[in-house]
Amino acid sequence: MSTRLSLSLDRFEGKGKEIAVLLTDDGETLNIPRSLLPSGSKPGDVLALSIEHNAAATRELAEETRRVEEKLKDGDPGGDIKL
Amino acid sequence: MTIRHRIRSLALAVLSLGFALTCGEGRAQWPFQRPSANPVAVEVLDVGQGDSILIRSPEGKTVLIDAGPTKDGALRVLKRMGIDHLDLVAISHHHSDHYGGMEEVVRELKPRYFLASSSGHSTRTYLRLLKTVEAEGITVVHPTSRSRKIELGSVELTIFPQAPEDHQEENNNSVGLRLKHGSFSMLFPGDSEGPERQFWLEHCSDLVRDCTILKLAHHGSRNGTDARWLGTVRPELAVASMGVDNEYGHPHSETVRLLRSERIPFLRTDQLGTIIIQSDGRGWNVVEPTLLRGKRPTPEDVERVAAATTERSPSRRESRSRTR
């Protein structure tokens, strides 16, 4: 399952023009760091953005988080704490 | 009018402006003073659209609840305040507007304890934070099915019993905390929404009831406050942290209306900057909000507030007496 968006690069904003303001075809704005754009992108360019679900990475992240949390839990002294 | 009275009147007038901004009324409803000796101080830090709250006990114990949305924002604020150690840091829940700056705080200030739920909601950034906590050898504390107490000298923090994990809405996995110092208390409900607050009302209503000050859940969102909750907490003051002109519309108008109808004054970091509350365990007061410093109240403000407060009101607000 994936979504493909067509976006127009409207302008750059921010103190160092580091924020790219993208517009969907419906006129919604989407701000992303300029550094994520393909090099040479300039206002007026039409960009394509694909968003897809990465099931394997999701599973991996959840499992890794659970593993670290369980390990940290072992160190919990339990009961009340006196600082 | 003596110089001392004049200064006090000006100070109260400045605060009344903040109150007028938030509640649309003209009278200061709470006292406002310079820091008193040896108080517990709760500082709702101005970190933009997120939460970060610093607690300093009279004995010098320090706790940071959440670390705002940006990577180095909270650390920068803490350093500016001269904070060079933290005894405990807490993550109310696993959303980045609450833990975004915690990795830097942990790396730099190396707290002794790290408190967080073990909810399964994660991001790669959160996982990196956990790994940093692990690498630094910090002792981790979790909420459990029973309440737990953390003693900060004369100040006590109670961790609420953890509600069953909500796999759909991480806000409902918030860690609830109640601070107690004498008869003063403050409630930190994270971003909890209706289901988790309902759980607390059913399972630990004694921890929720009659708190002097309420940190609003979820930045004043409509899903962070309701009439039953307010009717149980019965706060004398509500505070919330949010960014200026944030795109989520926080605080929502429903919350502001509800607070207004209950006549609960409401202070916001987007309007006042960092909000500092202090208590000696009996009374409490708000220290001059940072963003109001240097603003000049009108003579009418001075007269109005002076007339309303200097003669008849006590100089400090006494907390309602409580047995807990």
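Biologist: Where is B:Asp210 located?
Modeller: In this predicted model, B:Asp210 sits in the loop that joins helix H7 (205-208) to strand E11 (213-215) of chain B.

Biologist: What is phi there, for B:Asp210?
Modeller: Phi of B:Asp210 is near 50 degrees, which is a positive value in a residue other than glycine. Most residues other than glycine have a negative phi.

Biologist: And is B:Asp210 buried or exposed?
Modeller: B:Asp210 has a relative accessibility of 16%, so it counts as buried; the cut-off for that label is under 20%.

Biologist: What about phi of B:Asp66?
Modeller: Phi of B:Asp66 is near 70 degrees, again positive in a residue other than glycine. B:Asp66 belongs to the loop between strand E3 (62-65) and helix H2 (73-80) of chain B. Its relative accessibility is 2%, and therefore B:Asp66 counts as buried.

Biologist: Which peptide bond is cis?
Modeller: The bond from B:His250 to B:Pro251 is cis, with omega near -5 degrees. B:Pro251 is placed in the loop between strand E12 (237-240) and helix H9 (253-261) of chain B. Most peptide bonds are trans.

Biologist: Stepping back, how many helices and strands does chain B have?
Modeller: Chain B has eleven helices and 16 strands. Of its 324 residues, 60% are buried. Among contacts in chain B with a separation of 6 or more, 69% join residues 24 or more positions apart.

Biologist: Is B:Glu43 buried or exposed?
Modeller: B:Glu43 is at 5% relative accessibility, so it counts as buried. This residue lies in strand E1 (residues 40-44) of chain B.

Biologist: Which side chain makes a polar contact with the side chain of B:Glu43?
Modeller: That of B:Arg56, at 2.7 Å. Leaving aside residues up to four places away in sequence, B:Glu43 also touches others, including B:Ser52, B:Leu54, B:Met81 and B:Ile275.

Biologist: Let us turn to the other chain. How many residues does H1 of chain A have?
Modeller: Helix H1 (residues 55-73) of chain A has 19 residues, and 27 Å separates its first C-alpha from its last, close to the 27 Å expected at 1.5 Å a residue.

Biologist: Which residues of H1(A) are buried?
Modeller: The buried residues of H1(A) are A:Ala57, A:Leu61, A:Thr65, A:Val68, A:Glu69 and A:Leu72. Viewed down the axis of H1(A), they fall within an arc of 100 degrees, so they line one face of the helix. A:Glu60 and A:Glu63, on the other side of H1(A), are exposed.

Biologist: Why would a spacing of three or four places point the same way?
Modeller: An α-helix has 3.6 residues a turn, so residues at that spacing point the same way.

Biologist: What do the buried residues of H1(A) pack against?
Modeller: They pack against helix H5 (124-135) and strand E6 (139-141) of chain B.

Biologist: How much area do chain A and chain B bury between them?
Modeller: About 2,200 Å², with 58% of it on carbon and sulfur atoms. A:Leu72, A:Ile81 and A:Leu83 supply 34% of the area that chain A buries against chain B, more than any other three residues. The contact involves 19 residues from chain A and 30 residues from chain B.

Biologist: And how many salt bridges are there between chain A and chain B?
Modeller: There are three salt bridges between chain A and chain B. In one salt bridge, the side chains of A:Asp76 and B:Arg148 meet at 2.9 Å, N to O.

Definitions and conventions. Residues numbered from 1 in each chain as written. Chains lettered and ligands numbered in written order. Predicted model: local features only at pLDDT ≥ 70, side-chain atom pairs only at ≥ 80, totals over all residues. Heavy atoms only, no water. Helix = DSSP H or I, 4+ residues; strand = E, 2+ residues; numbered from the N terminus. Expected span 1.5 Å × (residues − 1). Buried < 20%, exposed > 50% of the residue type's maximum accessible area, 1.4 Å probe, protein only. Arc of directions from axis to C-beta. Contact = heavy atoms within 4.5 Å. Buried area = accessible area lost by both parts, 1.4 Å probe. Salt bridge = Lys/Arg side-chain N within 4 Å of Asp/Glu carboxyl O. Polar contact = N/O pair within 3.5 Å; in protein donor to acceptor, adjacent residues only side chain to side chain.
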